Amino acid sequence: MRKFFFSVFFYPLLLFGRETFIQEIRLEGLITNPKQEISGMDWYEEKLFLLPENLGGYLFMLSKNEIEDHISSKKGFLKPKKTIFKIPDYSKFILGFDGFEALTFDGNDVYITIEAEQDGMMVGYLAWGSINPNSFEINIGEKNIQKVETPIQIDNLSFESIISHNKKLLLLYEANGSNLREDPYQLLISVSDLSLAKIQSPNIEYRLTDATRVINNKFWAINYYWPGDKKDLNPGLDRLRKNRDNDPNQTIERLVEFKIKKNELKLTKKKPVDLILEEGSSRNWEAIARLGESGFLIATDKYPRMILAYIKI
C-alpha cells in the first residue's frame, strides 16, 4: 500500500476520461471515514463487498440493484451495510502487520492478501475462509494463512491484486516496470494444496493496484502512478503511451486489459482506459470490479478522499 499527501482544490461529482464517462456513486456513513482505507472489492452473488485495510472486524456491502438504481437516477446517497468479518488479530501474530490488500470470492470460499514489513523486508500473506450465504458473515481461522515472498523488495509494495481462476489464485505484484524486473512473473497458488507456481508476465510501468475477475481468459487491472513514487518505481519507457513524451512528474490513472494464455500473462491489444486527472490531486484507486457488461466500479482508499465510481464502457 502507499501513503500519500495531496493538495485538494475541488471534488466534482462527475468526472470525464478521454475514452469513457466516469460517474461518482455518492456514499454516506462510516465508509467515508478516511480511517477505513478501502483496499479491495469483489462480488459475492449480487452483493459487492468492499474490504477496509485495517482490522475493524467488518466489511462493507452494497447490493447490485441499489448500485444500478443510483447510477440510473443519480440521486441521493448510498449507505453500505457493515457485515461481520471474523478474523484473527493479525497484529498479534504477524510481525509487522500492515493491513489487508485484496479480496476475492470463489463460491462460498473467501481469500484475502495481507501486507507486512518484517525487519525492513516486505512480505505478503494469503489467508482464506468462508462466507455464510445467509448472514454474509465471513470467518477466517487462525491457521488458514500462508506466507508469500515478494519477487523484489520495494518499500510498502506487495500483492494488491488477487484473482480466483480455474481453481487457482493469481496474485499480482504491484511493481513490474522494465527498470525494476528483467523477467517479471506473477504467482499462481493452487486452492487444493496451496502449491505455488510462477506465470510469466509483461513489463508494465507504475503500479498494479487491483484487478477484476477473469472472463474469457481476460481481466482488467488498475495501473496507477503517483509522481511521489518516482524514486522507488524508477519508471522506464511507458509503451502504452505511444506518441507521448514520458513525463515522470505526470500522474497516471488508467485501466489496462490482460489475457491469460497458457502459462503467460499478456497485455491485449485494447487501448488503456485513461482517466482524466483532478486538478491538484492524484486519486489512489485501490479497488476494481466489473459491473455486468456495462462497465466497471472503482474505488479509492482515502486519497484524496473515499470515492466509489462507475466507468461505462
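The model is predicted, so to speak of a local feature I need pLDDT of at least 70, and side-chain atom pairs count only at pLDDT 80 or more, while totals for chains, interfaces and linings use all residues. Numbering runs from 1 along each chain as its sequence is written, and side-chain values use heavy atoms, with hydrogens and water left out.

I start with the cores. By nonpolar core I mean a set of buried Ala, Val, Leu, Ile, Met, Phe, Trp, Tyr and Cys residues joined through side-chain atoms within 4.5 Å. Buried is under 20% relative accessible area, exposed is over 50%, and partly exposed is in between, with a 1.4 Å probe and protein chains only. The largest core has 23 residues, and F49 and I114 touch the most other members. Two or more residues each come from β4 (47-52), β5 (58-63), β7 (97-106), β8 (109-118) and β9 (121-131). Strands here are DSSP runs of E, at least two residues, and helices are runs of H or I, at least four, numbered from the N terminus. Another core, of 22 residues, lies apart from that one and includes M41, I67, L291 and M306.

What does I114 contact, beyond its neighbours within four places in sequence? With contact as heavy atoms within 4.5 Å, the list includes Y90, F97, F100, V123, Y125 and I145.

Next, helix α1, residues 64-73. I67, H70 and I71 are buried there. They sit on the same side of α1, because they cover an arc of only 100 degrees around the axis; the arc is taken over directions from the helix axis to the C-beta atoms. N65, D69 and S72, on the other side, are exposed. K74 follows α1 and has a positive phi, near 60 degrees.

Now the rings. Rings of Phe, Tyr and Trp (its six-membered ring) pair if their centres lie within 6.5 Å; planes under 30 degrees apart are stacked, over 60 edge-to-face, the rest tilted. That gives 15 aromatic pairs. F219 and F258 are stacked, at 5.3 Å centre to centre and 15 degrees between the planes. F219 is in β18 (residues 218-225) and F258 in β19 (residues 252-261), so the pair ties together parts 39 residues apart in sequence. F219 is buried at 0% relative accessible area, and F258 is buried at 3%. Elsewhere, ring pairs link F85, Y90, F93, F97 and F100 into a cluster.

Last, Y185. A charge sits over a ring if NZ of Lys or CZ of Arg is within 6 Å of the ring centre and within 35 degrees of the ring normal. R181 lies over the face of Y185, 5.0 Å from the ring centre, and the charged end of K198 sits over the ring of Y185 at 4.5 Å from its centre.
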